[in-house]
Amino acid sequence: VTRTQIPSTSMAGQMTQQATALAQRMVTGAALKIKPAASPAYRAVPQVAKKPAQAAAAVDLSKFPPSFQPWVERCFERCRTEPERAVVTAGLTKRIKEVEQQGRIWLTDWDKEPCPNPHAGGLPT
């Protein structure tokens, strides 16, 4: 017959203290060894520039004729990359400033106005 060993009062007190400490560490997360999250397995996608309709929405279109916005959108349709968009943006900005300085915003036929060519340094085609 084997006798079961009964813990002494001091040993029981130690076990209670250890259990209490463990419970406190578990509540605070200290008992768990949590590794910081690893970097994601994907790469961030670069932000795509605003579409012409979004960019035009930020501009007060009431100072331009109705055919102006479709012209701008048509010019950006040729762009496939950010460098092409930058070339077209520079060409559009230059042309619009010229027309504004001449006071011909409403006199220009935007339906027939050539678009800057993204492959020719922004020169109209």
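The model is predicted, so local features need pLDDT of at least 70 and side-chain atom pairs count only at pLDDT 80 or more, while totals for chains, interfaces and linings use all residues. Residues are numbered from 1 along each chain as its sequence is written, and side-chain values use heavy atoms, with hydrogens and water left out.

**Overall architecture**

Helices here are DSSP runs of H or I with at least four residues, strands are runs of E with at least two, and numbering starts from the N terminus. Of the 125 residues in the chain, 22% are buried. Buried means under 20% relative accessible area, exposed means over 50%, and partly exposed lies in between, using a 1.4 Å probe and protein chains only. Among contacts with a separation of 6 or more, 60% come from residues 24 or more positions apart; a contact means heavy atoms within 4.5 Å.

**Packing of H3 and H4**

Two packed helices are described by the angle between their axes and the distance between the axes. Helix H3 spans residues 68-77 and helix H4 spans residues 82-102; they pack at an angle of about 150 degrees, with their axes 10 Å apart. That angle makes H3 roughly antiparallel to H4. The axes are lines fitted to C-alpha atoms, for helices over the stretch in contact, and angles run from 0 to 180 degrees between N-to-C directions. Angles under 35 degrees count as roughly parallel, over 145 as roughly antiparallel, 65 to 115 as roughly perpendicular and the rest as oblique.

The crossing of H3 and H4 is right-handed, a term for a near helix turned clockwise from the far one by less than a right angle, with anticlockwise giving a left-handed crossing. On the H3 side, Phe68, Trp71, Val72, Cys75 and Phe76 take part, meeting Arg85, Val88, Thr89, Leu92, Arg95 and Ile96 of H4. The residues of this contact divide into eight nonpolar, one polar and two charged. In that grouping, Ala, Val, Leu, Ile, Met, Phe, Trp, Tyr, Cys and Pro are nonpolar, Asp, Glu, Lys and Arg are charged, and the others, Gly among them, are polar.

**Cysteines**

A disulfide is a covalent bond between the sulfur atoms of two cysteines. Here the criterion is a pair of cysteine sulfur atoms within 2.5 Å, and the count comes to one disulfide. Cys75 is joined to Cys115, with an S to S distance of 2.4 Å. The pair links distant parts of the chain, with Cys75 in helix H3 and Cys115 in the segment after H4, 40 residues apart. The link is left-handed, with -85 degrees about the S-S bond. Both Cys75 and Cys115 are buried.

Cys79 is also buried, with a relative accessible area of 10%. The closest cysteine sulfur to that of Cys79 is in Cys75, 8.5 Å away, which is too far for a bond.

**Selected residues in and after H4**

Val99 is in helix H4 and is buried, with a relative accessible area of 1%. Leaving aside neighbours within four places in sequence, Val99 is in contact with Arg104, Ile105, Thr108 and Trp110.

Trp106, Asp109 and Asn117 are placed in the segment after H4. Trp106 counts as exposed, at 54% relative accessibility. Apart from neighbours within four places in sequence, Trp106 is in contact with Ser62, Lys63, Phe64, Pro65 and Pro66. Asp109 is partly exposed, with a relative accessible area of 38%, whereas Asn117 is buried at 17%. The table lists one C-alpha pair for each of these residues.

| Residue pair | Separation along the chain | C-alpha to C-alpha distance |
|---|---|---|
| Trp106 and Phe64 | 42 residues | 6.7 Å |
| Asp109 and Phe68 | 41 residues | 8.6 Å |
| Asn117 and Val88 | 29 residues | 6.7 Å |
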